[in-house]
Each structure stands twice: as structure tokens, then as C-alpha cells.
Amino acid sequence: MSSHLQALLHPISPERYRVNRERYEALPDSLKTAEQIIRDSHHSCGATHGVLERCDLACTSCYLGEEANAAEPLPKDAVFRQLDELREFLGPQGKAQITAGEVTLLPRADLGEFVRYAIDIGLDPMVMTHGRRFLEEPEYLQALIEEDGLEKISIHVDSTQRGRDEWNPFITEKQLNPVRDRYADLVRTMREKTGRKLHAAHTVTVTQKSLDQIPDIMSWFVRNLDAFRMVSFQPVAEVGRTQDERIDGLSLTDVWQRICSALGRPLNRDAMHFGHPECHIMIPVVVARAGDQICVLETVREGRNWDRGYLQRLLRAIGGYTVRGKSRTENLMGMLSLVLRHPLLVLESFVYGFYRAWGDRGDIAAILWQALRSRSLSVRPLVVVVHKFMSPQELETDLGQERLQACTFRVPVDGEMIAMCQLNATGLRSQLYPAARTRKAIAQS
């Protein structure tokens, strides 16, 4: 069967249907709610570990073990095995983070080989990094994009990153915005130079000290949505070699309230659940900006049944569709097939669009008026994520065990896909460092 005919007859891979439903059925019954999206969308994401556990920063919040900087890189065949296991678990175009410590300390050829392999076996890889090498050697990133097919990066910047040239013990998140500016400019430059896609996310560790500085980060983020489309806040956790003195009591709600304050409205944190709601808040919105004024449109407004029902029907129809790995023609055929299969949903989409526009008419009118005055308008999607890792004590509770069962962020260890919290909060990560190679590295340092 030709690939074009395959795209028309089976726009969504049968394997995608299968793995999504397997993960959904493995959830505790209490989580199989109308808000749960893993049955009809991507069910999990995964990550590598041990690829290169070293890091050239000394963050006060760090999930690596004490021996990390003495550990040598994993042999390539071990990394390939991890990617194979991720592909089997995640399914076609599964979201796979290539991470460990700081993977850009590897030679570009080695990291590029892992990216290419992940793409070749049908994964959708993202390189997770603090990004310093990209700024110092932009040709490193350019080669990953042009020669190895990299399309996704995630850059981590926050005030815990002791070792950055700009860092000092009293630095604020707002004072780090010039650093973020350099990464945003780098993303724009790479897209222009390479003519390729480059999707960028931004991750931030939140401490008690930086909690009330979240609005400063969000304000910067809204101004740079052309470069970054996802921001993920991670409350500091008692894992690895974290040295933050005030860890207890920092909750998802604490972080979410600051995000909503920055965006100017109380967003519905239960618009969608990705696994356990005590692990994540993950909300897509649309942000319209004209001058200094913004208008935030939610995916699912609280208490609006049509919003909820429409999203469910939309995800059920197209949530498992993947664009990557297909030609433009194959994607056109796939989208045509989905339209022909769901004509009533297409009609509903038009009607629902008018309904939403009318419901948000006040905000829309205000932003359009401001756009006329400022002669500028941008309308862009934004995904806001808050992800809370568990401490060793939390793992032992009934809630902690339920969260482990529902975990949607897993890593391959000895042929088993385990929760990232289990890797980081139990000391298992350090136990997996190859002892002989670690001792050798210590002796040579």
C-alpha cells in the first residue's frame, strides 16, 4: 500500500490507538474522568538517563546524584537501547526527551547521532539543556538542526543556576530576562539561517524565593511567544543534590495562582488532566497581544459544558494524529481523511468558533481596539505547564503510590519503564552510574 493511500485510509496509526488505550486502562479508575486526555492524545512522554550525567553548572536545585560529574558517558549502544524501549512504550512519534545531566557537553556528532536514531525509529525527540553551549557555539545547534533533523529544544533558565556567568546569590528572575532574550534571539536566528522548524520550550525551577517572581517570567514570556510556545514551571523537590533550604509547602496551587495573576485572569486548572492532577497542570491557551495589553482565551472555561464536550470530541477525532515523519502530501491526505470522517465535527467547529467569539466579545473587542491604536497585533498559542516531582517521603504515601501508577513521565531502566520520581527520589539514579567507570573518572580528576 502506498504511503499516500495509507495516509488516506489510516490517518491515525492503529498503534497509536492501541498504546493510548493501554495506558488509559492502566490508570486508577478515579482518574478516568472527562478531563483525562491520555486516551485520545499523547499518553506519556519519556526521557533518557545516564547519557552524560555531568553538568557544568552547580544549581542549588538538582536531581543528579553526588557522583554525577565523575560519571562517564553511557556507551552508545546503551543509549540506543533506551531509545528503542522508549519507542516501544510511547508509540509512533512519542515525545522523547534526550537528557541526563547536560547532554550538550557531548561532541556534536555524538548527540546528533542520538537525535537521528530517535527520529529514524519513529520518536519525536527534544534536547533538554541549559543552553549555554548553544550561545557560545551557535554552529553546534545549527548542525543539530541541519544535519541531524533536530526540531525541538527546551532551554532551562532560572535563579537557581549557580555557575552561569550572570549568577549571584541575590539575582532575581527579572534580572535574568536579558539571558532569556539571548535564547529567544538564538531561536529566531536559527530558524532564519536554517529555514527549518525549531520549536522551543522554556523550563524554570521555582523556589520559595522565586515564587512571587513568576509574573516577571510570564511577562517576558508573553512578549516572546514568537520564539517560545511552552513554559514549564517545576516547584523545587527534595531530590538528588538539591541544596535549597526551603522546599516543604511549595505546591502546584501556589505556582498556578502566580501564573493566573500574571495573565490577568483565573484560568481553569482542570481544563485537561494529563495523568494525575497532583503531578501536572497543563493548560493550552491563546494569547492575543497589542502593545502592552493582552487577551487570554482559554481552551475550556470553568463550568462551560460545550467547551468540555467540544474538546473531548475534537481529541477523540484527531488527538492521535501526528504530523512528524510524513511528507506534506501525506499530511494533506491525512487531514482530508479526518475531515471526511468527521463532517459533523467540522460543522460544529464553525458554530463553536462563533459561540466562543461571542462569549469573549468584550476581551476581543478591547484587544482589537488596542491593536488599532498601537498598530500591532499578535495572536499565538501558549502551553502553560506546572509539574511537581515527589520527595522520598511523598513516594511512600498512598497518594504518592497512586501518582506513580498514573505517571506520564517515564524512563527505561533494565527493560522496565519507571516513573521519573522513582528514578530521582530513591537514589536509583546514582545506583545506575557505572561504578567502575565512575571510579576511573574520579581517579583521573
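I first looked up the charges: the mean positions of the 56 positive and 58 negative charges of the chain lie 5 Å apart. I counted Lys and Arg as positive and Asp and Glu as negative, leaving out His and the chain ends, and placed each charge at NZ of Lys, CZ of Arg, CG of Asp or CD of Glu.

I note that the model is predicted, so that local features need pLDDT of at least 70 and side-chain atom pairs pLDDT 80 or more, while totals for chains, interfaces and linings use all residues. Residues are numbered from 1 along each chain as its sequence is written, and side-chain values use heavy atoms, without hydrogens and water.

I then turned to salt bridges (a side-chain nitrogen of Lys or Arg within 4 Å of a carboxyl oxygen of Asp or Glu). The structure holds 32 of these salt bridges. One of them joins Asp 148 and Arg 108, at 2.5 Å from N to O. This pair links distant parts of the chain, 40 residues apart: Asp 148 lies in the loop between helix H6 (138-146) and strand S4 (152-156), Arg 108 in helix H4 (residues 108-120). Helices (H or I, at least four residues) and strands (E, at least two) are DSSP runs, numbered from the N terminus.

I checked burial next (buried: under 20% relative accessible area; exposed: over 50%; partly exposed: in between; 1.4 Å probe, protein chains only). Asp 148 is buried because its relative accessibility is 5%. Asp 360 and Arg 356 form a salt bridge at 3.2 Å between the closest N and O atoms; Asp 360 is buried at 7%, and Arg 356 is buried at 11%.
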